[in-house]
Amino acid sequence: SLRDRMQIRPGLSYWWMTIPADFSLEPDSPAYRAVRLMAFAHLADRLEARTISVATRDQSLARAVAAWVRTTDRQITVIRPPSAENAPGERGAKGLRQSLYRALPPLAAARVLASAIRSPKHGHRQRLQVEPGGINFVDYLAHLGPNARLNGEFDSNYWGPLVHLLDDVGEPITWLHISGDFATPTVVEDDERLVAAFNDNPGPHVHHLLHSHLTWGVLARSSLDYLRIASFGLRVVHRRGSLDDTVTGLSLWPVFRAAYRDQFFGRTAMLNAVWINLMSAAVDALPHQRLGVYLFENQPWEMAFQHAWRRAGHGELIGVAHTTALFWSTRLFKDPHDMWSDVDEAPMPWPDAVAVNGPAMRSACERAGYPSNRMLDVEALRFLPMSGTHAPESRGASTRVLVLGEYSASLTDHVAGMVLRAVEIDPRGLEIAMRPHPAAGASEVGSRVPRDEHHTLAEALHWADVAVCGVHSSAVVEASSSGRPTAVIADPAAFTSSPGEGLPNVHVVSTPERLSTLLHAVPMATTTPAASSDADRLFDAGLPRWARSLARGRALRTD
């Protein structure tokens, strides 16, 4: 099988770090395109369409449809619209570089290696004094609270009040932080200074940065693994028919071809090789840890971390899905035959248990095949700050509109563009502020909206009268919980999978006219904070479920 052919370490198949782990919130991700094409083929069959006209500048899409048409005795016309002027990502030196990397993926891999070579550690780095038998947390050095950079106090919006609960568990607590941005030498140097500041503060926690374990040996092993990954890609390309949809007859290879080239020969291939060796170095440097807790999204680095953790003989692992579970998230929802498999030679890496932050997430996971004994009910750390901020700070002359950015820059541009068009329709009495997603890049359209300067989302919602967000943003849960009328902007280029579906105060809006009407109706609206017995459990600030989950780490079942 493809999985068995790609064992890059005993028990770890590189297969799980490629297409099965590939999911993007971008509307043009391969997974979305594949689903759209399958839906299109069903529709064409139902309508008995004999001629197909495809208008697109996307050659992979045109090739996929053309291949399907040839097998179904239809006729096709491909219309290539004129290139849009100043198309994002396709102008100037950056656009030329991206085009070159697409044509020659190993150049993108070489750039990753060249960046890493500028900052490896020489020899054996001094190890932090970590006591054995404690709890190790793995997260991103991102989404930090205001105290982190102001006074060096570890303040994380991922973990919220859990950080303070850990002060009293009576066990050593170790943190392994991953740089939130691409780990250039400058980013790593800044992050190392921040981690050093955390360690200078008194307390039982010890912090270290993953890239502090980058040595010449790690780079050498990563380079060899990159060559092995490339050899996997060369050996399995003839199996591209595995990606065909046998129901519709669609060949999805054109859709996945760019991802395949990147994941086996390009930037992602080299990054994954580095993940495997960096995680091994970092985890091997730890004394035995009773319990591991990490952010659970099934990203490629998690596969490397889990393999290194188990190979080193550490204790149980709890994966924490810190936010909401979207229906389309193929990172969280897998083939149930692969999850927790104990019969395969190189099974999909998976935690011993997954922490779910409420009844809605538990229900979604159960429908996706998660066994009940593999789920731990815990308080929703991210949403706790919303439990006490329901009423706006004051009713002013203007309606204050908080625009919440998406992880995807293109989706953020769509949301911001819709808001700007709604303001043009009727600008009277509207005050707009944009709050970007904490882990997102720059948004071209969003940059035209005044920026919200509040330290936390809770403070921003306390200021706002109404919130506006995209179809994927989990901030809709916070907005609804705080009682704000919230507009979810539907995007024809993205699957609507909002975690706000069914919540009070949430309205799905697809036109600027409808959004304008909603914004001007806010002064007359009565807001109702979300409240139920489920919500009360979700917002239990004492964190009794978290305390029980961490204490029972030894008892987690592994069968």
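Author: Start with one side chain; keep in mind that this is a predicted model. A polar atom of the Ser549 side chain lies 2.9 Å from the backbone oxygen of Arg545.

Reader: Where is Ser549 placed?

Author: Ser549 sits in helix α19, which spans residues 544-551.

Reader: Is Ser549 buried or exposed?

Author: Look at the relative accessibility. Buried means under 20%. Ser549 has 5%, so Ser549 counts as buried.

Reader: Which residues is Ser549 in contact with, leaving aside neighbours within four places in sequence?

Author: Ile318, Leu376, Asp377 and Val378.

Reader: How do I read a whole helix?

Author: An α-helix has 3.6 residues a turn, so residues three or four places apart point the same way. Now take α19. Its buried residues are Trp546, Ser549 and Leu550. They cover an arc of only 95° around the axis, so they lie on the same side of α19.

Reader: Which exposed residues are on the face turned away from the buried side of α19?

Author: Arg548 and Ala551 are carried there.

Reader: What do the buried residues of α19 pack against?

Author: Several elements. Among them are the strands β5 (135-141), β8 (291-295) and β9 (316-320), and also α7 (162-165).

Reader: And how do I read a patch on the surface?

Author: Leu100, Leu104 and Leu107 make a nonpolar surface patch of about 250 Å². Leu104 is in the loop between α4 (92-103) and α5 (105-117). With a relative accessible area of 45%, Leu104 is partly exposed.

Note on methods
Residues are numbered from 1 along each chain as its sequence is written. This is a predicted model: local features need pLDDT of at least 70, side-chain atom pairs count only at pLDDT 80 or more; totals for chains, interfaces and linings use all residues. Side-chain values use heavy atoms; hydrogens and water are left out. Helices (H or I, at least four residues) and strands (E, at least two) are DSSP runs, numbered from the N terminus. Buried means under 20% relative accessible area, exposed over 50%, partly exposed in between (1.4 Å probe, protein chains only). A polar contact is a pair of N or O atoms within 3.5 Å; within protein, one must be able to donate a hydrogen and the other to accept it, and residues adjacent in sequence count only if both atoms are side-chain atoms. Contact means heavy atoms within 4.5 Å. Patches are made of residues with over 30% relative accessible area and no salt bridge: like charges are joined within 9 Å, nonpolar side chains (Val, Leu, Ile, Met, Phe, Trp, Tyr) within 5 Å. Accessible areas come from the Shrake-Rupley method with a 1.4 Å probe; for residues, only the protein chains shown count as cover. A salt bridge is a side-chain nitrogen of Lys or Arg within 4 Å of a carboxyl oxygen of Asp or Glu. The arc is that of the directions from the helix axis to the C-beta atoms.
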